[in-house]
Amino acid sequence: MASLSSLRALARRTTDPDLAPLKVRSCRDLCNWNKTPVERRGEPLFACRGCGSQWVPSEHWTPREASGHIPPEVLTLLRAED
Ligand SMILES: [Zn+2]
């Protein structure tokens, strides 16, 4: 069944942000979140320059800057959803 799993791996090798899994890494003291020009399933995609994590508003966690603050653009989005 090795061939089947390698086919699946190939299918996953896509740059389509709608299909690509989000990268979530443990954020460190370098975290610096930025809104990207990319949309994923209709949501704005954010990316952390510090650790390479990605975030969209439907995720069940909230990104934080190295300072511990929630990035203002993220806060605005979260408030808008309430
Ligand atoms: Zn980070």
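Colleague: What share of the 82 residues in the protein chain is buried?

Modeller: Buried residues make up 11% of them. Keep in mind that this is a predicted model.

Colleague: How confident is the prediction, going by the average pLDDT of the protein chain?

Modeller: The average pLDDT is 84, and 78% of the residues score at least 70.

Colleague: Where is confidence lowest, and where is it highest?

Modeller: Confidence is lowest in helix α1, residues 2-12, with a mean of 62. It is highest in β3, at 96.

Colleague: And what should I do with the low part?

Modeller: Where pLDDT is low, the predicted coordinates should not be read in detail.

Colleague: OK, layout. How many helices and strands does the protein chain have?

Modeller: There are two helices and three strands. Starting at the N terminus, the order of elements is α-β-β-β-α.

Colleague: In what order do the strands sit in the sheet, and is the pairing parallel or antiparallel?

Modeller: The order is β1-β2-β3 in an open sheet, and the pairing is antiparallel. β1 and β3 (54-55) are the edge strands, each pairing on one side only.

Colleague: What holds strands of a sheet together in general?

Modeller: Strands pair through backbone hydrogen bonds, in either a parallel or an antiparallel way.

Colleague: How many bridges join β1 to β2?

Modeller: Five. The two strands form a hairpin with two residues between them.

Colleague: Which residue in the turn has a positive phi?

Modeller: Arg41, with a phi of about 50 degrees. Arg41 is not a glycine. As background, most residues other than glycine have a negative phi.

Colleague: Is Arg41 buried or exposed?

Modeller: Arg41 is exposed, because there are 10 other C-beta atoms within 10 Å, and a residue counts as exposed at 12 or fewer. Arg41 is found in the loop between β1 (33-40) and β2 (43-48).

Colleague: Switching topic. Which residues make up the largest nonpolar core?

Modeller: Six residues: Cys31, Trp33, Phe46, Cys48, Trp55 and Val74. In soluble globular proteins, nonpolar side chains tend to be buried together.

Colleague: What does Val74 touch, beyond residues up to four places away in sequence?

Modeller: Val74 touches Trp33, Phe46, Thr62 and Pro63. Trp33 and Phe46 also belong to the core.

Colleague: Where is Thr62, then?

Modeller: Thr62 lies in the loop between β3 and α2 (72-81). Thr62 and Val74 are twelve residues apart in sequence, and their C-alpha atoms are 8.0 Å apart in space.

Colleague: What else is Thr62 in contact with, leaving aside neighbours within four places in sequence?

Modeller: Besides Val74, Thr62 is in contact with Ile70 and Leu78.

Colleague: Why does Thr62 count as exposed?

Modeller: Because Thr62 has 12 C-beta neighbours inside 10 Å, and the exposed class takes in 12 or fewer.

Colleague: How about Val56, where does that lie?

Modeller: Val56 lies in the loop between β3 and α2. Val56 is partly exposed, because 17 other C-beta atoms lie within 10 Å, and that class falls between 12 and 20.

Colleague: Which residues is Val56 in contact with, leaving aside neighbours within four places in sequence?

Modeller: Val56 is in contact with Arg40, Glu43, Pro44 and Leu45. The C-alpha atoms of Val56 and Gly42 are separated by 9.6 Å, with the two residues 14 apart along the chain.

Key: Residues numbered from 1 in each chain as written. Predicted model: local features only at pLDDT ≥ 70, side-chain atom pairs only at ≥ 80, totals over all residues. Helix = DSSP H or I, 4+ residues; strand = E, 2+ residues; numbered from the N terminus. Core = buried A, V, L, I, M, F, W, Y, C linked by C-beta atoms within 7 Å. Contact = placed C-beta atoms within 7 Å. Pairing = 2+ DSSP bridges. pLDDT = per-residue confidence, 0-100.
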